[in-house]
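Here is a short report for a reader meeting this structure for the first time. Please look over the sequence and the model before reading on.

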Amino acid sequence: MSTRDELLALLLENARYSTEDLARQTGADAEAVAAAIEELEASGLIRGYQAVVDWDRADQERIRALVELNVTLDRETGYDDIAGRLVKFPPVKSLRLVSGDYDFALEVEGDSLREVSKFISEKVAPVPEITQTVTHYIMETYKDRGLEMGDGHDDGRLSFSP
Amino acid sequence: MKIADRVQQIPPSGIRKFFEIAEEMDDVISLGVGEPDFTAPWAAREAAIDSLKAGKTSYTANRGMRELREEIAKRVASQYDLAYDPDDEILVTAGASEGLDVAFRALVDPGDVVAIAQPSYISYVPGVTFAGGKPLSVPTREEDDFKLTTEILDAHGVADADMLVLCYPNNPTGAIMTEAEMAEVAKFVREHDLTVLADEIYADLTYGDEHTSIATFEGLRERTVVFNGFSKAYAMTGLRLGYAMAPPEVIAAMNRVHQYTMLSAPTTAQYAALEALQSCDNEVIEMRKQYNRRRQFVLSRFEEMGIDCFEAKGAFYVFPKCPWDDTDAFAEALLQEQGVALVPGHVFGESGDGHLRVSYAAGLNELREAMARIEAFLG
């Protein structure tokens with residue numbers, strides 16, 4: 001595995017590792033690591049860094065919905081055109097073209113049920129190429145981006161063992 | 001009640017004193033642990049649970065479930081180039097530790113000299129002693145990166161011994177032996193007609209060079225018992241499952257001891273192990289990657305602190321030189337003042353004295369904090 005791939009793997013695991021700790025874990029020197037990360041960012045391979053939040057533990061409400069979208073295409077309009085329009089809306093957190101029963105999988109986030117519903121009915125559904133929307137409100141999140149939302153695992157090991 | 005002499009002559013483990021201190025303390029970060037911090041892969045745990053639900057709570061065949069032995073045979077053939085017949089050359093045991101005990105009892109006669117490459121796992125000397133054998137310490141040296149050499153074997157009279165016990169990748173040093181280095185040991189063993197017990201429990205955990213089993217060299221298969229298991233690579237220590245591989249007459253003899261003591265290895269654990277072999281390779285690969293990052297992290301930190309530490313390339317230990325002359329005093333003071341638990345090297349044999357065993361089977365946050373505390377302790 002190249003240092004670049006190894007850095008990517010480490011940042012995917014924890015984007016808050018310091019440059020020094022990344023260097024120590026890969027056996028590279030800190031300057032080389034800083035340069036490699038800059039390159040990963042500049043090339044657009046790394047798009048950003050975000051926290052994974054367990055909203056069930058937060059005081060404020062957070063509403064998330066997965067929306068299935070079906071579309072019809074014509075000579076002038078392709079998937080990219082429709083997607084290009086939808087991604088501009090801030091409540092859209094993710095948008096993916098998928099295989100199967102529907103075309104796009106859209107993730108929407110807002111502060112209330114009302115806000116999210118309103119956004120889907122007023123901004124998404126009226127897009128002329130969209131023929132159908134099926135909205136699934138998220139009721140509970142158990143795992144997100146590889147992280148379990150449970151209480152974690154206690155280290156039950158003895159402090160010394162041979 | 002009278003305690004048997006052979007038990008009385010074995011001192012309690014040197015870890016005990018530290019364990020008692022740590023028990024009384026809060027906020028101890030332990031790098032003194034000889035087991036993974038990971039949990040067994042979920043698929044293996046689920047297989048164990050399912051087997052219990054299905055009522056699989058009886059004994060299995062003495063040698064272990066046939067299906068498991070077949071999977072083990074397939075695995076060691078593809079991974080280590082070891083060919084053993086699942087019918088009569090593999091014995092499933094309650095951890096590699098039971099396998100070793102059974103082998104000592106099956107193969108060692110009273111007075112037999114058993115050479116043990118040290119520093120080493122703490123059970124070999126007692127195991128030999130309980131079986132009536134005479135343990136012969138064979139100290140490896142830091143200047144050889146704790147590898148076993150023919151020069152060392154010669155110098156310590158191993159030529160006249162009956163048996164040689166070795167463990168690579170090594171606990172506690174993290175040392176490994178390359179194919180060429182192991183070939184030299186194999187040659188010596190053949191020339192002097194020794195039986196070999198090869199504890200290869202850390203075989204899956206090497207970083208860089210791949211593991212070479214001593215049993216793969218010409219003329220070695222017929223004189224070697226290979227031990228492996230699921231504790232380390234699959235993070236299944238508490239499930240207690242290992243296996244031994246040897247020619248049929250040796251496995252038959254070991255099975256005779258095993259059947260009158262253990263009867264069969266834990267059934268639930270055998271189901272977990274079967275699933276582990278069938279579907280958990282990716283977890284093992286991922287754990288190995290994590291260990292390697294931690295290994296490099298810990299080695300870098302010791303280098304930054306100016307602590308001399310040879311580059312261990314296997315298991316999940318590094319074995320730095322102790323900054324103080326008195327290793328015990330250092331480990332005790334570090335534990336009491338900074339709450340960091342390490343194991344003094346002499347626990348693993350005299351040749352380990354002057355070193356500390358540092359296990360990096362801990363999360364990076366713990367390792368980072370432990371290293372900061374060691375740095376603070378050194379001032």
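Predicted model: local features only at pLDDT ≥ 70, side-chain atom pairs only at ≥ 80, totals over all residues.

Are the two partners buried or exposed? A:Glu6 has 13% relative accessibility, so it counts as buried. B:Arg293 has 2% relative accessibility, so it counts as buried too. The cut-off for buried is under 20%.

B:Arg293 also meets A:Glu13. Their side chains form a salt bridge at 3.1 Å, N to O.

## Where chain A touches chain B

How many residues are in contact? On chain A there are 18, and they touch 34 residues of chain B. The size of an interface is often given as the accessible area lost when the parts come together. Here the two chains bury about 2,100 Å² between them. Carbon and sulfur atoms account for 53% of that area.

## Polar links and make-up of the interface

Four salt bridges are counted between chain A and chain B. Residue pairs in polar contact between these chains number 16, with both residues at pLDDT 80 or more. On the side of chain A that touches chain B, the elements giving two or more residues are helix H1 (3-13) and helix H2 (19-26). By class, that side of chain A has seven nonpolar, six polar and five charged residues.

## Salt bridges within a chain

Over all chains, the count comes to 36 salt bridges. One of them lies within chain A. The side chains of A:Arg24 and A:Asp21 meet at 2.7 Å, N to O. Both residues sit in helix H2 of chain A. They are three residues apart, about one turn of the helix. A:Arg24 is buried, with a relative accessible area of 16%. A:Asp21 is buried as well, at 3%.

This pair belongs to a network of salt bridges. The network links A:Asp21 and A:Arg24 with B:Arg301, B:Glu304, B:Arg368 and B:Glu375.

Chain B has a salt bridge between the side chains of B:Glu143 and B:Arg141, at 3.9 Å from N to O. Here B:Glu143 is exposed, with a relative accessible area of 64%. B:Arg141 is partly exposed, at 29%.

## A strand pair in chain B

In a regular strand the side chains alternate between the two faces of the sheet. Strand S2 (residues 90-93) of chain B can be read residue by residue. B:Ile90 and B:Val92 point one way. B:Leu91 and B:Thr93 point the other way. Each of these four residues is buried.

Which strand does S2 of chain B join? Four bridges connect it to strand S8 (residues 242-245) of chain B. The two strands run antiparallel. B:Thr93 has B:Gly242 as its bridge partner in S8 of chain B.

Notes: Residues numbered from 1 in each chain as written. Chains lettered and ligands numbered in written order. Heavy atoms only, no water. Contact = heavy atoms within 4.5 Å. Buried area = accessible area lost by both parts, 1.4 Å probe. Polar contact = N/O pair within 3.5 Å; in protein donor to acceptor, adjacent residues only side chain to side chain. Nonpolar A, V, L, I, M, F, W, Y, C, P; charged D, E, K, R; others polar. Buried < 20%, exposed > 50% of the residue type's maximum accessible area, 1.4 Å probe, protein only. Pairing = 2+ DSSP bridges.
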